[in-house]
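Hello,

Here is the structure I said I would pass on. My notes on what was found in it follow below.

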Amino acid sequence: MVNLGKQTPIQRIGKVWVKRDDLFSAAGVSGGKVRTCYYLSQGASGLVTAGSRSSPQVNIVAHVAAELGIPCRVHTPTGELSPEVLMAKDKGAEVVQHRPGYNSVIIARAREDAFVSGWTEIPFGMECKEAVRQTSRQVRKIPANVERIVISVGSGMSLAGLLHGMRKIQVNIPVIGICVGASPVKRLNRYAPRNWQKMVELKESGVSYNSEIDGSIGDIKLDPIYEAKCLPFLEYDDLFWIVGVRKTLEMETKKEIET
């Protein structure tokens with residue numbers, strides 16, 4: 001039985017604290033977004049999702065579907081399949097590619113698919129209230145000397161959950177959100193606490209979304225699309241919130257350790 005409420009640890013690594021949400025694991029995949037997917041998948045007859053070719057989401061959904069013994073279909077843009085999408089396909093997911101591959105197109109196609117098939121839609125970017133709730137429950141026991149919290153911002157849903165959790169336990173610490181893709185403001189306006197702008201400073205990573213950065217902190221290999229782009233922004237006594245790690249990187253790191 002997967003314990004979705006189990007707290008992932010906060011560790012001291014060098015000059016910073018690190019929230020290890022990448023250590024949550026279910027269905028063979030890891031990270032905070034897995035909690036939401038696993039929760040939404042309960043009782044489903046099949047799963048449908050949409051994701052960019054660089055996003056780990058389609059692989060997360062495919063692994064959860066395989067664990068639950070139900071079919072899965074993922075909608076992505078046309079083009080060469082990334083390692084994450086290839087792994088999702090190997091896990092049994094049907095990959096449907098679309099041209100043009102705009103986010104709005106693949107999201108709409110996945111939604112239509114879910115409606116027609118009767119399968120459960122796992123929203124693009126985990127955009128739903130449950131994602132906020134799951135992350136907010138992880139905001140506990142923040143060390144007293146933490147100066148700031150730094151988090152990678154893609155869809156903005158993990159950031160929204162973090163801010164709700166901070167407000168719930170009445171923690172007033174500056175938050176720095178490092179934006180790695182399109183603007184998350186519309187989603188934050190919808191899902192984050194009122195006046196969220198006073199709680200967080202958004203900064204652009206300065207690197208295009210699809211560009212991969214090789215980075216680590218201590219012995220933790222960081223996701224090249226998301227967390228690794230936060231490294232230049234970290235300062236002494238920051239709390240670096242690691243949302244997750246893509247399955248292909250996790251396997252690559254495991255192979256390096258074994259050899």
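**Salt bridges**

D21 and R35 form a salt bridge in which the closest N and O atoms are 2.6 Å apart. The two residues come from distant parts of the chain, 14 residues apart: D21 is in the loop between β2 (16–20) and β3, while R35 is in helix α1. Both D21 and R35 are buried. Please keep in mind that this is a predicted model.

A search of the whole structure finds 14 salt bridges. Two further pairs are described here.

E112 and R109 meet through their side chains in a salt bridge, at 3.6 Å from N to O. The two are three residues apart in helix α4 (residues 103–117), which means that about one helical turn separates E112 from R109. E112 counts as partly exposed because its relative accessibility is 45%. R109 also counts as partly exposed, at 34% relative accessibility.

The side chains of R148 and E235 form a salt bridge as well, with 3.9 Å from N to O. R148 belongs to strand β9 (residues 148–153) and E235 to the loop between β13 (220–221) and β14 (238–242), so this pair ties together parts that are 87 residues apart in sequence. How do the two ends compare in exposure, buried or partly exposed? R148 is buried, with a relative accessible area of 12%, whereas E235 counts as partly exposed at 46% relative accessibility.

There is also a network: R73, E94 and D113 are joined by salt bridges that share partners.

A26 has V29 in β4 as its bridge partner.

Another open sheet has four strands in the order β7-β6-β5-β8, with parallel pairing. Which strands stand at the edges? They are β7 (94–98) and β8 (120–122); each has a single partner strand, so one side of each is left without a neighbour in the sheet. On average, neighbouring strands here are turned by 25 degrees against each other, direction ignored. Strand β5 (residues 47–50) pairs with strand β6 (residues 72–77) in the parallel sense over four bridges. Within this pairing, L47 stands opposite C72 in β6.

**Around S55**

S55 is found in the loop between β5 and α2 (57–68). Is S55 buried or exposed? S55 is buried, because its relative accessible area of 10% is under 20%. A polar atom of the S55 side chain lies 3.0 Å from the backbone nitrogen of Q57. Leaving aside residues up to four places away in sequence, S55 touches E84, Y209, Y226 and R246.

Regards

Technical notes: Residues are numbered from 1 along each chain as its sequence is written. This is a predicted model: local features need pLDDT of at least 70, side-chain atom pairs count only at pLDDT 80 or more; totals for chains, interfaces and linings use all residues. Side-chain values use heavy atoms; hydrogens and water are left out. Two strands pair if DSSP finds at least two bridges between them. Axes are lines fitted to C-alpha atoms, for helices over the stretch in contact, and angles run from 0 to 180 degrees between N-to-C directions. A salt bridge is a side-chain nitrogen of Lys or Arg within 4 Å of a carboxyl oxygen of Asp or Glu. Buried means under 20% relative accessible area, exposed over 50%, partly exposed in between (1.4 Å probe, protein chains only). A polar contact is a pair of N or O atoms within 3.5 Å; within protein, one must be able to donate a hydrogen and the other to accept it, and residues adjacent in sequence count only if both atoms are side-chain atoms. Contact means heavy atoms within 4.5 Å.
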